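Colleague: Could you take me through how the helices of this model pack against one another, starting from the contacts themselves?

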Amino acid sequence: MEKIDQHKKICGKLNEIYTAKNKDYGDSFTKGFQEYGLTMPAIRLEDKLRRYKQLIKQDAEVKDESIIDTLLDLANYAIMTIIEIENRDGE
């Protein structure tokens with residue numbers, strides 16, 4: 001598979017995850033952003049980065065949280081932060 005096709009597939013998966021989690025949790029990310037600003041996504045991104053660092057040191061006890069799952073979460077949090085910044089700034 002070409003890398004551009006892999007990228008497109010991963011982005012599709014990101015959107016599926018985002019849609020499902022937004023349905024489960026509501027728009028909690030936006031509410032947190034509105035209350036705490038850029039600090040809130042920084043904390044969430046740092047939590048995921050710490051999780052990633054831990055996973056590369058040792059296997060996960062929780063088997064449904066792989067390195068790939070963690071990286072997908074990092075990517076989605078980054079995208080959600082961009083959305084909130086653009087919406088806040090009227091872009």
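Modeller: In this predicted model, Ser28, Phe29, Gly32, Phe33 and Tyr36 of α2 meet Thr39, Met40, Pro41 and Arg44 of α3.

Colleague: How do the residues of the contact of α2 with α3 divide into nonpolar, polar and charged?
Modeller: The contact draws on both helices, with Phe29 and Phe33 among the residues from α2 and Met40 and Pro41 among those from α3. Counted by class, its residues divide into five nonpolar, three polar and one charged.

Colleague: Is α2 roughly parallel, roughly perpendicular or oblique to α3?
Modeller: The axes of α2 and α3, the latter covering residues 39–57, lie 7 Å apart and form an angle of about 125°. Because roughly perpendicular ends at 115 degrees and roughly antiparallel begins over 145, α2 is, relative to α3, oblique.

Colleague: Which residues form the largest nonpolar core?
Modeller: Met40 touches Phe29, Gly32 and Phe33, leaving aside residues up to four places away in sequence. The largest nonpolar core has five residues, namely Phe29, Phe33, Met40, Tyr77 and Met80. At least two residues of this core come from each of two helices, α2 (28–36) and α4 (67–89).

Colleague: Is the aromatic pair of Phe29 and Tyr77 stacked or edge-to-face?
Modeller: The structure holds one aromatic pair, and it links distant parts of the chain, since Phe29 lies in helix α2 and Tyr77 in helix α4, 48 residues apart. Both Phe29 and Tyr77 are buried. With 5.9 Å centre to centre and 25° between the planes, the pair of Phe29 and Tyr77 is stacked.

Conventions. Residues are numbered from 1 along each chain as its sequence is written. This is a predicted model: local features need pLDDT of at least 70, side-chain atom pairs count only at pLDDT 80 or more; totals for chains, interfaces and linings use all residues. Side-chain values use heavy atoms; hydrogens and water are left out. A nonpolar core is a set of buried Ala, Val, Leu, Ile, Met, Phe, Trp, Tyr and Cys residues joined through side-chain atoms within 4.5 Å. Buried means under 20% relative accessible area, exposed over 50%, partly exposed in between (1.4 Å probe, protein chains only). Helices (H or I, at least four residues) and strands (E, at least two) are DSSP runs, numbered from the N terminus. Contact means heavy atoms within 4.5 Å. Axes are lines fitted to C-alpha atoms, for helices over the stretch in contact, and angles run from 0 to 180 degrees between N-to-C directions. Angles under 35 degrees count as roughly parallel, over 145 as roughly antiparallel, 65 to 115 as roughly perpendicular and the rest as oblique. Ala, Val, Leu, Ile, Met, Phe, Trp, Tyr, Cys and Pro count as nonpolar, Asp, Glu, Lys and Arg as charged, and the others, Gly among them, as polar. Rings of Phe, Tyr and Trp (its six-membered ring) pair if their centres lie within 6.5 Å; planes under 30 degrees apart count as stacked, over 60 as edge-to-face and the rest as tilted.
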